[in-house]
Amino acid sequence: MLYKILNFLQMFNTQDLTHPVWIFCDASGRYGYASVVISHNGQLKTMRFKCQHNSALAELEGLQAALELSIPYLMLGYRVEVRNDNRGCVDSFTRAIKGLPSTAPICRKMLDFVQEYGNVFHSKNLKVRWIRGHHGFSLQEVSDWLTRNESIDNCNRFEYFSDVKDFGEFIDE
């Protein structure tokens with residue numbers, strides 16, 4: 001199982017600069033942590049941090065951290081693909097980029113965040129998309145794992161993937 005997962009991850013760990021930088025983020029208000037997983041040029045980088053909020057705003061903090069980490073890649077001209085499993089946060093980013101006002105707290109905070117960084121996030125090289133959570137997409141599952149556990153150095157983490165619906169379909173070749 002471990003070999004299949006690592007083999008699947010190689011699809012995202014490429015030295016070819018025409019491929020995008022993949023950034024997956026997740027957060028858990030219940031556990032109070034957010035995590036970001038970056039796959040670029042054959043390296044997998046992870047970050048886990050304590051959230052200030054223990055509500056849906058924790059997801060917003062995770063997405064904002066992913067967007068902040070995308071800035072150096074955007075400045076260097078890389079394509080960046082950010083994925084998050086919270087549709088509300090992704091939609092709030094889309095609304096903020098368009099400058100649409102809202103009374104929802106998540107949308108207001110995202111609009112302030114986007115305005116704070118100016119035109120950086122208006123790049124055609126940045127794509128922020130929703131991805132279905134707990135549906136077997138491995139890097140999103142690693143991000144989800146990190147919101148609940150301290151590191152990915154624990155080999156037992158791969159038992160977590162066996163519980164994810166249809167995970168085998170994504171890694172079988």
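**Ground rules**

I am working with a predicted model, where local features need pLDDT of at least 70, side-chain atom pairs count only at pLDDT 80 or more, and totals for chains, interfaces and linings use all residues. Residues are numbered from 1 along each chain as its sequence is written, and side-chain values use heavy atoms, with hydrogens and water left out.

**Overall fold**

I started with the secondary structure and found seven helices and five strands. I take helices (H or I, at least four residues) and strands (E, at least two) as DSSP runs, numbered from the N terminus. Along the sequence I read the pattern α-β-β-β-α-β-α-α-β-α-α-α.

Next I looked up burial, and 47% of the 173 residues are buried. Here buried means under 20% relative accessible area, exposed means over 50%, and partly exposed is in between (1.4 Å probe, protein chains only). The protein exposes about 9300 Å², with carbon and sulfur atoms supplying 50% of it; the areas come from the Shrake-Rupley method with a 1.4 Å probe, and for residues only the protein chains shown count as cover.

I also checked contacts, meaning heavy atoms within 4.5 Å. Of the contacts with a separation of 6 or more, 66% join residues 24 or more positions apart.

**Cores**

Nonpolar side chains tend to be buried together in soluble globular proteins. I define a nonpolar core as a set of buried Ala, Val, Leu, Ile, Met, Phe, Trp, Tyr and Cys residues joined through side-chain atoms within 4.5 Å.

The largest nonpolar core has 35 residues, and Leu 63, Leu 67, Val 82, Phe 93, Met 110, Phe 121 and Leu 126 have the most contacts inside it. Strand 1 (21-28), strand 2 (33-40), helix 2 (57-75), strand 4 (80-84), helix 3, helix 4 (105-116) and strand 5 each supply at least two residues of this core. Helix 2 gives the largest share, 10 residues. Apart from this core I noted another, of seven residues, including Trp 22, Val 37, Ile 131 and Leu 139.

I then picked out Phe 121, which is in contact with Leu 67, Ser 70, Ile 71, Phe 93, Ile 97, Phe 113, Val 114 and Leu 126, leaving aside neighbours within four places in sequence.

**Largest pocket**

I ran the pocket search on a 1 Å grid over the protein atoms alone; a pocket is an open set of points where a 1.4 Å probe fits, with protein on both sides within 12 Å along at least five of seven lines, and lining residues have an atom within 4 Å of a point. About 220 Å³ of space lies in the largest pocket, where grid points are joined across faces, edges and corners and the volume is the space filled by probe spheres set on the points.

Which residues line the largest pocket? I listed Phe 93, Thr 94, Ile 97, Lys 98, Phe 121, His 122, Ser 123, Lys 124, Leu 126, Lys 127 and Val 128. Helix 3 (87-98) and strand 5 (126-130) each supply at least two lining residues, and the largest share, four residues, comes from helix 3. By class I have five nonpolar, three polar and three charged residues in the lining.

**Single residues**

Lys 127 is found in strand 5. Not counting residues up to four places away in sequence, Lys 127 touches Val 80, Glu 81, Val 82 and Arg 83.

Gly 32 is found in the loop between strand 1 and strand 2, and Gly 32 counts as buried because its relative accessibility is 5%.

Tyr 78 is found in the loop between helix 2 and strand 4 and is buried, at 17% relative accessible area. The C-alpha atoms of Tyr 78 and Asn 125 are separated by 6.8 Å, though the two are 47 residues apart along the chain.

Methods: Ala, Val, Leu, Ile, Met, Phe, Trp, Tyr, Cys and Pro count as nonpolar, Asp, Glu, Lys and Arg as charged, and the others, Gly among them, as polar.
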